[in-house]
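I am opening a notebook page for this structure. My notes follow in the order in which I looked things up.

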Amino acid sequence: MSKQIYIHEVVTRDGLQNEDQFLPTKDKIHLLNQLSQTGLDKIEVTSFVSPNAVPNLADAEQVMTSIQRNPQISYSALIPNVIGAKRAMKCHVDEVNLVVSASETHNQKNIRQSIQQTYDQFELIIDYLSDKPVIRNGSIGTAFGCPFEGKVSEFKVLLLIEAYKSLGIENITLADTTGMATPTQVYQLCKQVLTFFPDLQLTMHFHNTRGMGLANVIQAIQAGVTHFDSSLGGIGGCPFAPGATGNICTEDVVHMLYFMGYDLNAKLDSLIDSSIHLQSLLSHETPGQVSKAGKITDLHDPSKF
C-alpha cells in the first residue's frame, strides 16, 4: 500500500501577497471556489495582517466569508497578533497559522520583533484562543538557512518547536523561506524532528528559489513527512531572496507524486486547469512546468513535430 500525501495550498496567501498587482476580490473568491473542488487537503486562504503591511490581502475578511467551503478541506489563515486572531475568529477559520523565524535577523526584518517578543505575542494569541474551536499551527521560517545569518542549527529549530509545544501547539510547519535547503539537509532535519517529536503533524513549506524544491519534497517523504505546502503555478517567494522564483508549484508536486505512485486526494487535472486560469488573471507567466508541458501521459501527433 502506497503512502498518503497531503497537499496544503497557499497561493492566495503566500502567492498573491508578493504579486505586484492587487488581484480583485471577486477573482480571488472565484479562484478559491475552484480550488475547493480540486481535492486539496488544506487551503491557507489569507493573512489577517495590517492592510498597510500587505496591501494585496486587504480584503481578508471579505474573501474568507464569501468563499464556498468544502467540508473536506481545512481553511486556514496566518495571524500575527491578537487583533489578527480576533479578525480570523469572526470569519470562522478552521485553523490559524503563527509564524516565527529561526533567524533573529530575518525575524526582525520580517516582523520587526525579536524571536522572544514574537513568542510573547504568541502567548497572548493562545490565551485569547483558549476557548475557541480552532486548530493552531506553528510555522518556523528560515528553518534551513537564513540569507543574513547563513546556516541555522538543527538544535535551534528543535528549541523553537519545543517553545511552540509549551504553548500547546502540536502542528508544526518548517519553512525554507528563501530556498536555501538541500535534499540531504532536509532529510537530516526532518528525521531529527520526527525522532524527538514523533507525535507532531509536521508540514514542509519549500520554496524553489534554487531549483531544489521537488528534490526536497522527496527527501522529506523519505524521512517520514506526509504534509506539504505548495502554491498554484509556483508563485510567491520571499522579498529577502533576490531572484526568488516562488514556492514549490502545486500541480508540479502533485504530478510528480501521482506518477511515483503516492496516494493523494488532490486531483491533478483540476489543478492544471486552475493553474491555467490563475495565469490568465496575472500579468506574467507563472513558474510552474506541468501546466506548460502537460502530463507525462499526454501524447502528441508525431506529424506535427
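Before listing buried residues I need the cut-off: buried means under 20% relative accessible area. I also note that this is a predicted model.

**Entry 1: helix H9.** I looked up which residues of H9, residues 213-223, are buried. They are Gly-213, Asn-216, Val-217, Ile-218, Ala-220, Ile-221 and Ala-223. After H9 comes Gly-224, with a positive phi near 115°.

**Entry 2: the nonpolar core.** I looked up the largest nonpolar core and noted 87 residues in it. Ile-140, Leu-174, Met-204 and Leu-257 have the most contacts inside this core. I then followed Leu-257, leaving aside its neighbours within four places in sequence. Its contacts are Ile-5, Val-217, Ile-218, Ile-221, Tyr-262 and Leu-264. Val-217, Ile-218 and Ile-221 are already on my list of buried residues in H9.

**Entry 3: strand E5.** Is E5, residues 135-141, enclosed or open? I counted it as largely enclosed by the rest of the structure, because 5 of its 7 residues are buried. E5 pairs with strand E4 (residues 95-101) in the parallel sense, over 7 bridges. In this pairing Ser-101 stands opposite Gly-141 of E5. E5 also pairs with E6 in the parallel sense, over 4 bridges. There, Ser-139 has Thr-173 of E6 as its bridge partner.

**Entry 4: cysteines.** How many disulfides does the structure hold? I found 0. Cys-190 is in no disulfide, and the nearest cysteine sulfur, that of Cys-146, is 19 Å away. Cys-190 is buried, since its relative accessible area is 0%. Cys-249 also counts as buried, at 7% relative accessibility.

**Entry 5: rings.** I searched the whole structure for aromatic pairs and found 5. In the pair of Tyr-258 and Phe-259, the ring centres are 5.0 Å apart and the planes are at 85°, so I wrote it down as edge-to-face. Phe-259 counts as partly exposed, at 31% relative accessibility. Tyr-119, Phe-122 and Tyr-164 form one aromatic cluster.

Last, I looked for charges over rings. The charged end of Lys-132 sits over the ring of Tyr-128, 4.1 Å from its centre. That of Lys-109 sits over the ring of Phe-148, 5.9 Å from the ring centre.

Definitions and conventions:
Residues are numbered from 1 along each chain as its sequence is written. This is a predicted model: local features need pLDDT of at least 70, side-chain atom pairs count only at pLDDT 80 or more; totals for chains, interfaces and linings use all residues. Side-chain values use heavy atoms; hydrogens and water are left out. A disulfide is a pair of cysteine sulfur atoms within 2.5 Å. Buried means under 20% relative accessible area, exposed over 50%, partly exposed in between (1.4 Å probe, protein chains only). Rings of Phe, Tyr and Trp (its six-membered ring) pair if their centres lie within 6.5 Å; planes under 30 degrees apart count as stacked, over 60 as edge-to-face and the rest as tilted. A charge sits over a ring if NZ of Lys or CZ of Arg is within 6 Å of the ring centre and within 35 degrees of the ring normal. A nonpolar core is a set of buried Ala, Val, Leu, Ile, Met, Phe, Trp, Tyr and Cys residues joined through side-chain atoms within 4.5 Å. Contact means heavy atoms within 4.5 Å. Helices (H or I, at least four residues) and strands (E, at least two) are DSSP runs, numbered from the N terminus. Two strands pair if DSSP finds at least two bridges between them.
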